[in-house]
Amino acid sequence: MTTTPAAPEAATHEQLANAIRVLAMDAVEAAKSGHPGMPMGMADVATVLFGRFLKFDPADPTWPDRDRFVLSAGHGSMLLYSILHLTGHPAMTMDELRRFRQLGSLTPGHPEVMQSHGIETTTGPLGQGLATAVGIALAERILNARFGDDLVDHYTYVIASDGDLMEGISHEAASLAGHLGLGKLIVLWDDNEISIDGPTELSFTDDTLARFRAYGWDVREVDGHNPQQIAMAVDYARTTDAPSLISCKTIIGYGAPNKGGTHHCHGAPLGSEEIAATRAKLGWSHEPFVIPETVEQAWRGFGRRGADARAQWADRLDACEPALRDAFRAAAEGRLPEGFAAAIDEFKRKISAETPKLATRVASGNVLDVLVPLVPQIVGGSADLSPSNNTRVKNTAVVQRTGYGGRYIHYGVREHAMAAAMNGLALHGGIIPYGGTFLQFSDYCRPAIRLSALMRQRVVYVMTHDSIGLGEDGPTHQPVEHVAALRAIPNLLVFRPADAVETAECWQIALETADRPSLLALTRQNVPTVRTEHARENLSARGAYVLRPAEGGRKVTLFATGSEVSIAVEARRLLQERGIGAAVVSMPSWELFEQQDAAYRAEVIGEGTLRVGIEALVRLGWDRYIGSDGIFVGMKGFGESAPYQELYEHFGITADAVVAAVAARL
């Protein structure tokens, strides 16, 4: 008589969660740095979320209707890396976990955007993940309104820490999410009452639940180690018309007998003795980086669960009307429509023929009047400065909680949240976001702008009132140092166009560049058209070009950006009258100029000539073009409050001042 071997017992919830805990503490120990406490504390919550709710498919991590998961508490990155490995994401091998925080690995200290490997967004600076997730959830609603439930119907889940909710950006973002009624946004708060310095009561005694209720969120509180309570809370959150905050009361470093529940396991390895004691307490007898088969297969089953949903979605897409299907694919792929370049060219031709005197912020609004109806993926907005930024196209519907079908977002006075939300709109896919404020307030946006650049996202920042040219509002609003600081951000395209033609060209570059954010610094004051001869080529794409060549031998090269290009043109005229050959170089983008070949750069710079930089900003950065012995006509400090014409005279940023400086040197 033969007996059938008993089937192995199914893995328990506790075993599944412990797999995350041990992988996290082992990887941090191997790296000799990292944050084991959060993954160990939130392992139960993550197991419930990925095991019962999250719609995803490791075989196709980027399928458009997947649920989005944002680990805003990015320091706990081993939570996410462990789950990606356990659920079967092919690239996230056990070797990658062993290489945690090592050069060239897929497991950096904080998650970086790798959507093809299951990582939706970079979540380093606290608060950014939560605010970015607001944009992701908003994108889902906007695209749902456009394409319907069959193609767009998914949730955005966030794990956030105490630190995320302390950051000021969390207030802006949560307020915006409540205002917009983003019911498919669900935030799981790791409420462990521990920060790096010690207990959160040292600095954080807010009534956080009352705060979020005041924002219009649905709020629940659960035991973060009770899977039934967690599941019930998530289940309920999926039924509400408001964003949800679920306070998960957890023990940081859960399972560590000596360091658990203390700040000692927040940002440092547990150490070999504590790890051994933790293994004993958890009943986990396996060696480091070894997962028993029953546990591994259960997690792999969670990963396979989404395959049917993805296949059914693909069938629905194939069955759509061809026009809708093509529009969806164009949006998802970020493609610009046919006729885009022709529309820009026609706009440029008209400006060069009519030569209007326009503020470049007005010119930008005119460009948007052409592009927004043409490119349905474009979604704009402003931080309560729409009339000043010229960002709202006439008759464009507003995105609001009663209807998400609009294409313009009133962000309110929430510049930081606006910038982060735009990152989320871009990361979600299907939307090309732009948003406006004053250039002075780019400081409020800067952490999110930096992440746009780091994540290589097509986000367009429309920053107006770009110099002392804004006039009477005075030095608190006159951004003399901001452009230099923004030019320092790697991978960010900073544009300061000279007129309406260059403004159109800069918009064209910004929208055609899918892997870099762009910032347009635009004038409040009117500027003359300097591009009076039409050119089909996008000259601004060279970064800098000779706008006016010298007549006779070139003795002087006048470099300028934005509103000062017209000053350079006038200075050239005066110099030529004196018999001094001068060329004018317009430099709308230093970053693009640096990408040109050496021969072109040398030709434009004019080696051997007296070089002059003209910009109503500080000198920082200009010496690379004019040399340390070059002449700079610009700002040496903060501005003043007066009509802008008087300010240019007062600070000596005039054609006459340029000519006098050149004459003195020659």
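Throughout these legends, a residue is called buried when its relative accessible area is under 20%, exposed when the area is over 50%, and partly exposed in between, using a 1.4 Å probe and protein chains only. The model is predicted, and local features therefore need pLDDT of at least 70, side-chain atom pairs count only at pLDDT 80 or more, and totals for chains, interfaces and linings use all residues. Residues are numbered from 1 along each chain as its sequence is written, and side-chain values use heavy atoms, with hydrogens and water left out.

View 1. With a disulfide taken as a pair of cysteine sulfur atoms within 2.5 Å, the structure holds 0 disulfides. Cys 445 is in no disulfide, and the nearest cysteine sulfur, that of Cys 506, is 19 Å away.

**View 2. Strand 10 (residues 432-438) and its parallel partners, strand 8 and strand 11.** Helices (H or I, at least four residues) and strands (E, at least two) are DSSP runs numbered from the N terminus, and two strands pair if DSSP finds at least two bridges between them. Strand 10 is largely enclosed by the rest of the structure, because 7 of its 7 residues are buried. Strand 8 (residues 378-382) runs parallel to strand 10 and is joined to it by 3 bridges, with Ile 378 standing opposite Ile 432 of strand 10. Strand 11 (residues 460-464) pairs with strand 10, also in the parallel sense, over 5 bridges, and within this pairing Gly 436 has Val 462 of strand 11 as its bridge partner. From strand 10 the chain passes through helix 19 (residues 442-455) to strand 11 in a right-handed β-α-β crossover, a term meaning that, with the strands pointing away from the viewer, the path from the first strand over the helix to the second runs clockwise.

**View 3. Aromatic pairs, with Trp 63 and Trp 313 as one of them.** Rings of Phe, Tyr and Trp (its six-membered ring) are taken to pair if their centres lie within 6.5 Å, and planes under 30 degrees apart count as stacked, over 60 as edge-to-face and the rest as tilted. By this rule the count comes to 20 aromatic pairs. The ring centres of Trp 63 and Trp 313 are 6.0 Å apart and the planes lie at 65°, so this pair is edge-to-face. The two residues link distant parts of the chain, 250 residues apart, Trp 63 lying in the loop between helix 3 (43-53) and strand 1 (68-71) and Trp 313 in helix 13 (residues 307-319). Trp 63 is buried at a relative accessible area of 2%, and Trp 313 is buried at 6%. Phe 147 and Phe 328 also form an edge-to-face pair, with 5.1 Å from centre to centre and 85° between the planes.

**View 4. A cluster of aromatic rings and a charge placed over one of them, that of Tyr 600.** Trp 590, Phe 593, Tyr 600, Trp 622, Tyr 625 and Phe 632 are linked into a cluster by ring pairs. The charged end of Arg 542 sits over the ring of Tyr 600, 4.3 Å from its centre, where the term requires NZ of Lys or CZ of Arg to be within 6 Å of the ring centre and within 35 degrees of the ring normal. Elsewhere, the charged end of Lys 184 sits over the ring of Tyr 155 at 4.5 Å from its centre.

**View 5. Salt bridges, including that between Glu 615 and Arg 487.** A salt bridge is defined as a side-chain nitrogen of Lys or Arg within 4 Å of a carboxyl oxygen of Asp or Glu, and a search of the whole structure finds 34 of them. In the bridge between Glu 615 and Arg 487 the closest N and O atoms are 2.9 Å apart, and the pair links distant parts of the chain, with Glu 615 in strand 17 (residues 610-615) and Arg 487 in helix 20 (residues 482-487), 128 residues apart. Glu 615 is buried at 1% relative accessible area, as is Arg 487 at 15%. Both residues belong to a network of salt bridges that links Asp 466, Arg 487, Arg 496, Glu 564 and Glu 615.
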